[in-house]
Amino acid sequence: MNTYTSKFSPAEIEKFKSIFEAENAAFSTPQYMFFQARGTGFTASFYTSGKLVIQGNNTDCIVSKYFEPIQNSLFKTLSTPNPPETQGEIAPYPHIGIDESGKGDFFGPLVIAGVLLDENGAKTLQEAGVCDSKKMNDKKILELENLIKEVSTFDIIAISPSKYNELYDKFKNLNRLLAWGHSTVLENILAKKPCNTAISDKFADEKVILSALKERGKNIRLIQQTKAESDTAVAAASVLARGEFVKRISRLASEYEINLPKGASNLVLEQGKKFMTKFGQGEFKNIAKLHFKTYSDIINV
């Protein structure tokens with residue numbers, strides 16, 4: 001389920017209502033809310049705190065239609081959303097944040113990104129609304145990429161499906177592959193600019209990534225923490241990684257002239273079967289991660 005969350009002035013309640021009225025939503029007034037609007041493929045909840053939450057399969061369409069800046073004249077007088085409430089820095093700046101995208105997607109590459117920020121850069125990104133990429137739609141992610149690159153020292157490595165399958169056969173373990181990717185990004189950033197601290201989301205025992213670090217990385221303080229995307233540097237890395245993933249899976253889809261859905265859902269399974277019929281089993285190594293159960297489900301029908 002897609003989710004959009006932001007905060008607005010409660011004074012704008014009637015303007016928000018008119019948006020969802022235009023989408024033929026049914027309204028109710030649950031406790032602690034100004035209103036809740038239920039429409040086709042979405043539920044919008046406007047809390048008395050000013051927090052607006054939209055959930056459902058049609059969320060991205062609603063957000064891009066009404067909530068992207070100056071896309072609808074109705075919103076020219078809306079107040080600017082506050083920075084995400086979940087923002088929480090894990091270490092003093094400067095530090096490096098590392099995150100990946102694509103590890104849960106059957107189709108497409110694995111992308112790992114790292115971002116080195118100082119305090120001013122972090123503040124700029126916070127004000128621009130940079131947060132965990134999972135909380136943003138693809139359009140917003142692609143809009144924020146250039147700003148992140150302007151205010152940071154960064155590195156991105158994109159592992160194509162064919163290379164991913166080769167590396168997975170070598171490492172025999174996703175966490176070891178991720179550790180190799182994280183350490184490579186870290187080394188590349190440190191070659192551009194020194195730093196003493198790096199933060200990544202916790203995906204394995206610390207020893208796994210520490211053993212993968214090369215010469216420069218062995219001297220760094222590495223912090224692995226769950227939900228590390230609350231840190232601006234890690235959130236920025238997640239945005240760069242997802243942005244690169246989105247562009248590359250889109251290019252793959254264009255190359256094969258077939259839709260390649262994200263994730264590993266039943267829709268992905270059905271599309272995989274169509275790909276199998278059109279291109280055969282041999283081509284899967286170039287578009288998908290073969291150790292996923294989805295692959296066995298497709299070829300063993």
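Me: What is the volume of the second largest pocket?
Reply: In this predicted model, the second largest pocket has a volume of about 750 Å³.

Me: What makes a residue part of the lining of that pocket?
Reply: A lining residue has an atom within 4 Å of a pocket point. For the second largest pocket, 28 residues line it. Nearest its centre lie Asp105, Ser133, Lys134, Arg242 and Lys262.

Me: Which elements give two or more residues to this lining?
Reply: They are strands E1 (3-7) and E6 (95-101), with helices H2 (59-67), H4 (138-151) and H8 (232-256).

Me: How many residues of each class are in the lining?
Reply: Asp, Glu, Lys and Arg count as charged, and the lining has 13 charged residues. Ten are polar and five are nonpolar.

Me: Why are E8 and E10 said to stand at the edges of their sheet?
Reply: Start with the order, E8-E7-E6-E9-E10, in an open sheet of five strands with mixed pairing. Strand E8 (153-159) and strand E10 (221-225) each have a single partner strand, so one side of each has no neighbour in the sheet. From one strand to the next, the twist averages 15 degrees.

Me: How do you know that E6 and E7 pair?
Reply: Pairing takes at least two bridges. E6 and strand E7 (residues 110-117) have seven, in the antiparallel sense. Isoleucine 98 stands opposite glycine 114 in E7.

Me: What makes E3 and E4 a pair?
Reply: The same cut-off applies: at least two bridges. Six bridges join strand E3 (residues 33-39) to strand E4 (residues 42-47), and the two run antiparallel. Glycine 39 has phenylalanine 42 in E4 as its bridge partner.

Me: What describes the packing of H5 and H6?
Reply: Two packed helices are described by the angle and the distance between their axes. The axes of H5 (residues 161-171) and H6 (residues 174-192) come within 8 Å and cross at roughly 115 degrees. The crossing is right-handed.

Me: Which residues of H5 and H6 meet?
Reply: Tyr164, Leu167, Tyr168 and Phe171 in H5 meet Leu174, Arg176, Leu177 and Trp180 in H6. This contact has seven nonpolar residues, no polar ones and one charged residue.

Definitions and conventions
Residues are numbered from 1 along each chain as its sequence is written. This is a predicted model: local features need pLDDT of at least 70, side-chain atom pairs count only at pLDDT 80 or more; totals for chains, interfaces and linings use all residues. Side-chain values use heavy atoms; hydrogens and water are left out. Axes are lines fitted to C-alpha atoms, for helices over the stretch in contact, and angles run from 0 to 180 degrees between N-to-C directions. Helices (H or I, at least four residues) and strands (E, at least two) are DSSP runs, numbered from the N terminus. A crossing is left-handed if the near helix is turned anticlockwise from the far one by less than a right angle, and right-handed if clockwise. Contact means heavy atoms within 4.5 Å. On a 1 Å grid over the protein atoms alone, a cavity is a set of points where a 1.4 Å probe fits but cannot get out, and a pocket is an open set with protein on both sides within 12 Å along at least five of seven lines; lining residues have an atom within 4 Å of a point. Grid points are joined across faces, edges and corners, and a volume is the space filled by probe spheres set on the points.
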